[in-house]
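Reader: I'd like to learn how to read a model like this one. Could you take me through it, feature by feature?

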Amino acid sequence: MSEDTFSSAIHYWKGIQLSNLQKELDQQGLAIVEKQKDGLVSRKKLAEQTREFKKIPDEEKLQKFKPLLKGYQAEIDNITKRTKYAENAFLTVYKLLADAPDPAPLFEIAVDQSAKMVDSTSLQNENSYLKEQLQKANENIKRLETTEKTNLELVQKVSALEESLAERKSKDTSEMEQEMKDQYSDKIKQLKERYVIGCR
């Protein structure tokens with residue numbers, strides 16, 4: 001069903017004014033029931049009059065025939081009125097509903113749209129959750145990258161310190177060796193000098 005058809009169907013059903021129609025039908029239904037009761041009472045009365053009429057002697061029947069005939073005419077008039085009333089009530093509803101689109105597809109579409117909205121809401125919630133998880137994952141990746149960078153910097157610093165220490169150690173060792181050599185040379189020199197002096 002296209003959107004235009006859907007809109008026109010809704011517009012049509014709004015035009016029917018179902019709640020007003022229901023009230024009107026309620027009133028008509030009550031009136032029909034009331035007239036049926038009146039008709040039943042009237043028919044019973046007419047049946048009673050007919051039985052009484054049959055019982056009277058033939059010579060009196062001519063006098064009693066007119067009121068009985070009027071009773072039948074009144075009953076026929078009442079039946080005609082009830083029939084017209086019922087027909088008019090039916091035709092009123094028929095005119096309203098004859099061209100009305102079937103509401104079942106409208107309900108199906110409404111239910112389908114409602115289900116889609118529920119699905120859409122569910123997907124939106126899931127999407128929000130996944131976005132949140134992605135954001136957390138990205139934050140963790142950034143933290144890991146920062147940690148890795150910090151670790152690399154620390155490794156480089158340690159390496160530089162070790163290199164510096166090695167150089168200093170090497171330098172210190174060389175200086176100590178030189179100093180020891182110098183001291184040793186001085187001692188040897190002193191010992192030689194003592195020895196030379198002692199030999200004289």
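This is a predicted model: local features need pLDDT of at least 70, side-chain atom pairs count only at pLDDT 80 or more; totals for chains, interfaces and linings use all residues.

Reader: Is R82 buried or exposed, and which side chain of opposite charge is nearest?

Author: Buried means under 20% relative accessible area, exposed means over 50%, and partly exposed is in between (1.4 Å probe, protein chains only). For charge, Lys and Arg count as positive and Asp and Glu as negative, while His and the chain ends are not counted. R82 is buried yet has no salt bridge; E75, the nearest side chain of opposite charge, is 4.1 Å away. A salt bridge needs a side-chain nitrogen of Lys or Arg within 4 Å of a carboxyl oxygen of Asp or Glu.

Reader: Which residues is R82 in contact with, leaving aside its neighbours within four places in sequence?

Author: Contact means heavy atoms within 4.5 Å. On that basis R82 is in contact with K35, Q36, G39, R43 and E75, leaving aside neighbours within four places in sequence. One of these, G39, is itself among the buried residues of α2, along with L21, Q28, L46, T50 and F53.

Reader: How many salt bridges does the structure hold?

Author: Three. One joins E48 to R51, with the closest N and O atoms 2.9 Å apart. Both of these lie in helix α2 (residues 18-55), three residues apart, or about one turn of the helix. E48 has 37% relative accessibility, so it counts as partly exposed, and R51 is partly exposed too, at 45%.

Reader: And which residue does K61 meet in a salt bridge?

Author: K61 meets D58, at 3.2 Å from N to O. Being three residues apart in helix α3, the two are separated by about one helical turn. D58 counts as exposed because its relative accessibility is 60%.

Reader: What about E132: which side chain does it meet in a salt bridge?

Author: That's K136, at 3.6 Å from N to O. E132 and K136 are four residues apart in helix α4 (residues 103-199), about one turn of the helix. With relative accessible areas of 40% for E132 and 41% for K136, both are partly exposed.

Reader: How far apart are the end C-alpha atoms of α2?

Author: The expected span of a helix is 1.5 Å times one less than its number of residues. For the 38 residues of α2 that should be 56 Å, and the end C-alpha atoms are 54 Å apart, which agrees.

Reader: Last one: which residues make the nonpolar surface patch?

Author: Patches take residues with over 30% relative accessible area and no salt bridge, joining like charges within 9 Å and nonpolar side chains (Val, Leu, Ile, Met, Phe, Trp, Tyr) within 5 Å. Areas come from the Shrake-Rupley method with a 1.4 Å probe, and for residues only the protein chains shown count as cover. Here F90, L91 and Y94 make a patch of about 330 Å². L91 lies in helix α3 (residues 58-97) and, at 39% relative accessibility, counts as partly exposed.

Methods:
Residues are numbered from 1 along each chain as its sequence is written. Side-chain values use heavy atoms; hydrogens and water are left out.
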